[in-house]
Amino acid sequence: MAGSSETLNQTFNAFRELQNRWKEIGAVPQGYVKDLWDTYHLHVENFYNFVKINKELRDLDLRKNYEAKIKLAEEAEALLLDLSPVSSFHKLQKLHEQWREIGPVANEYKEQLWERFKEASSKINKRHQEYFEEIKAEQERNLELKRQLCEQTEELAGAPYAARKEWDAASDKLIEIQKLWKTIGFAPKKDNTKIYERFRAACDYVFEKKREV
C-alpha cells in the first residue's frame, strides 16, 4: 500500500477498508500477536509517511507551477510594450506552448492566473489582427490610386495627338505619373502584378507611339 500510485482519496479508502478487515479478523495464536501488531503498526506508520510525502511533493509541485505561470503571465504582459505586433504575436505563441506544458496550480489560483494570461494574450492578438487589417486597407487604397494612374495613362495613350510637341507633352506627363507611381506602396498580392502590367502596357504604348512620330 505504501507504494500505491492511486490518488490520495482512493488510497485512503483502500487503507480504511484494510483497517476494517483487520479489525474483523478474529484472534490469532498468542505467539504471533506481537509480531503481527508490530508489522501492522509499521505499515500504518509507513502509509502516513507516504501520504505526508506525497502531499508535500504535490504542494511543492503546485507552487512551482504557480510561480512558472506567474512568470509567463508577466512575460505576456511585457509583450504589450513590444513595438512589433508580429514579433510579439509569435513570442506569445511560444509562451502558450510553455503554458500548456506546465502542470496544474492550486484550484484557488487556477482561474485568476488563466484570466490574467488570457487578458494579455487577447490584447496582443487584437493588435496583431488590427495590424494586418490596416495593411490590407492600405493595400486597397494603393490599388485604387494605381487604378487612377492607369486610367490617366490610358487616356494619354488613347488621345489623338497630331504633332510631335503634343507627344512630347504627353511623354512629360507620363514621366510625372511614373514618378508618382513609385511613391505608392504595394497593392494586394492578388492584384499587384495585374495592375502593374496594365500600367506598363499603357506606358509602353505612349513611348512607342512617340518614337513613331
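The following dialogue discusses a predicted model of a protein chain.

Reader: How do you know which kinds of secondary structure the protein chain holds?

Author: The count for the protein chain is six helices and zero strands. Read along the sequence, the pattern is therefore written α-α-α-α-α-α.

Reader: Why is the protein chain called more spread out than a compact globule?

Author: The globule rule gives 17 Å for 213 residues, whereas the radius of gyration of the protein chain is 39 Å. The value is well over that of the rule, so the chain is described as more spread out than a compact globule. The box filled by the C-alpha atoms, taken along the principal axes, is roughly 135 × 30 × 20 Å.

Reader: What share of the 213 residues is buried, and what makes a residue count as buried?

Author: A residue is called buried if its relative accessible area is under 20%. Buried residues make up 27% of the 213 residues in the protein chain.

Reader: Why is Cys 150 called buried?

Author: The relative accessible area of Cys 150 is 0%. The cut-off is under 20%, so Cys 150 is buried.

Reader: Is Cys 203 buried or exposed, and why?

Author: Cys 203 has a relative accessibility of 3%. This value is also under 20%, and therefore Cys 203 counts as buried.

Reader: How do you know how many disulfides the structure holds?

Author: The structure holds zero disulfides. For Cys 150, the nearest cysteine sulfur belongs to Cys 203 and is 8.0 Å away. A disulfide requires two cysteine sulfur atoms within 2.5 Å.

Reader: What makes Asn 125 partly exposed, and where does Asn 125 lie?

Author: Asn 125 lies in helix 4, which covers residues 107-158. Its relative accessible area is 32%. Buried requires under 20% and exposed requires over 50%, so Asn 125 falls in between and is called partly exposed.

Reader: Which residues does Asn 125 touch, leaving aside those up to four places away in sequence?

Author: Asn 125 touches Phe 89, Leu 92 and Gln 93. A contact is counted when heavy atoms are within 4.5 Å. As for Leu 95, which is 30 residues from Asn 125 along the chain, the two C-alpha atoms are separated by 13 Å.

Reader: Why is Val 86 called partly exposed?

Author: The relative accessible area of Val 86 is 26%. This lies between 20% and 50%, so Val 86 is partly exposed. Val 86 belongs to helix 3, residues 85-101, and touches His 128, Tyr 131 and Phe 132, not counting residues up to four places away in sequence.

Reader: How many residues apart in sequence are Val 86 and Asn 13, and what is their distance in space?

Author: Val 86 and Asn 13 are 73 residues apart in sequence, and 53 Å apart in space, C-alpha to C-alpha.

Reader: What makes Glu 208 partly exposed?

Author: Glu 208, found in helix 6 (residues 189-212), has a relative accessibility of 41%. The value is between the cut-offs of 20% and 50%, and therefore Glu 208 counts as partly exposed. Between the C-alpha atoms of Glu 208 and Ala 157, which are 51 residues apart along the chain, the separation is 9.9 Å.

Key: Residues numbered from 1 in each chain as written. Predicted model: local features only at pLDDT ≥ 70, side-chain atom pairs only at ≥ 80, totals over all residues. Heavy atoms only, no water. Helix = DSSP H or I, 4+ residues; strand = E, 2+ residues; numbered from the N terminus. Rg over C-alpha atoms; globule rule 2.2 N^0.38 Å. Buried < 20%, exposed > 50% of the residue type's maximum accessible area, 1.4 Å probe, protein only.
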